[in-house]
Amino acid sequence: MFFPEGAVRVHLYGRPVDMRKSFDGLYALARHGVGQDPLSGHLFVFINRRATQMKVLYWDRSGFCIWAKRLESGRFVSDWSRTTSREM
């Protein structure tokens, strides 16, 4: 899958997320928690409380995709108190 450079935005949700959430739950967080349209084609990144798992929600014009990553060691976020929702 190729993204036009500069056309795709990445939105990080700044609070821990229950990784049992799937398409509908992550859609709701992107819509109401991040305040963006999940159908925009942008990437929405969600991280669990221990910061060892990440899910990325993406709309590819025919349906939603979820990409997932689980770290064997290390963390995506070192301090949740300093993490905020933001666009990258």
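Ala 51 counts as buried in this predicted model, because its relative accessibility is 1%, well inside the cut-off of under 20% that defines a buried residue. The residue sits in the loop between S2 and S3, and its backbone has a phi near 65°, a positive value in a residue other than glycine. Most residues other than glycine have a negative phi. A second residue with this feature is Arg 61, whose phi is positive at about 80° although it is not a glycine. Arg 61 is found in the loop between S3 and strand S4, which covers residues 64–70. Is Arg 61 buried or exposed? With a relative accessibility of 78%, Arg 61 counts as exposed, because the cut-off for that class is over 50%, whereas Ala 51 counts as buried.

Taken along the principal axes, the C-alpha atoms fill a box of roughly 35 × 25 × 25 Å. Of the 88 residues, 35% are buried, and the accessible surface of the protein comes to about 6000 Å², with 48% of it belonging to carbon and sulfur atoms. Among contacts between residues at least 6 apart in sequence, 54% join residues at least 24 apart.

The interior can be followed through its nonpolar residues. In soluble globular proteins, nonpolar side chains tend to be buried together. Here the largest nonpolar core has 11 residues, namely Leu 12, Leu 43, Val 45, Ile 47, Ala 51, Met 54, Val 56, Tyr 58, Cys 65, Val 77 and Trp 80. The elements that give two or more residues to this core are strand S2, residues 43–47, and strand S3, residues 53–59. A second, separate core of 10 residues includes Met 19, Leu 26, Val 34 and Phe 46.

Leu 12 lies in strand S1, residues 10–12, and it is buried, with a relative accessible area of 8%. Apart from neighbours within four places in sequence, Leu 12 is in contact with Val 45 and Ile 47, and also with Thr 83, Thr 84, Ser 85, Arg 86 and Met 88. Gly 35, by comparison, is 23 residues from Leu 12 in sequence and 11 Å from it in space, C-alpha to C-alpha.

Val 56, in strand S3, is likewise buried, with a relative accessible area of 10%. Leaving aside neighbours within four places, Val 56 is in contact with Leu 43, Phe 44 and Val 45, and with Cys 65, Ile 66 and Trp 67. Lys 69 stands 13 residues from Val 56 in sequence, and their C-alpha atoms are 8.8 Å apart. Seen from Cys 65, with neighbours within four places again left aside, the contacts are Phe 23, Val 56, Leu 57, Tyr 58 and Asp 60.

Thr 52 is buried, with a relative accessible area of 15%. Which residues does Thr 52 touch, not counting those up to four places away in sequence? They are Lys 69, Arg 70, Leu 71, Gly 74, Arg 75 and Phe 76. Val 77 has its place in the loop between S4 and strand S5, residues 86–87, and is buried with a relative accessible area of 11%. Although Val 77 and Thr 52 are 25 residues apart in sequence, the distance between their C-alpha atoms is 8.3 Å. Not counting residues up to four places away in sequence, Val 77 touches Ile 47, Ala 51 and Thr 83, which brings the account back to Ala 51, itself a member, with Val 77, of the largest nonpolar core.

Definitions and conventions:
Residues numbered from 1 in each chain as written. Predicted model: local features only at pLDDT ≥ 70, side-chain atom pairs only at ≥ 80, totals over all residues. Heavy atoms only, no water. Core = buried A, V, L, I, M, F, W, Y, C linked by side-chain atoms within 4.5 Å. Buried < 20%, exposed > 50% of the residue type's maximum accessible area, 1.4 Å probe, protein only. Helix = DSSP H or I, 4+ residues; strand = E, 2+ residues; numbered from the N terminus. Contact = heavy atoms within 4.5 Å. Areas by Shrake-Rupley, 256 points an atom, 1.4 Å probe, with all protein chains shown as cover.
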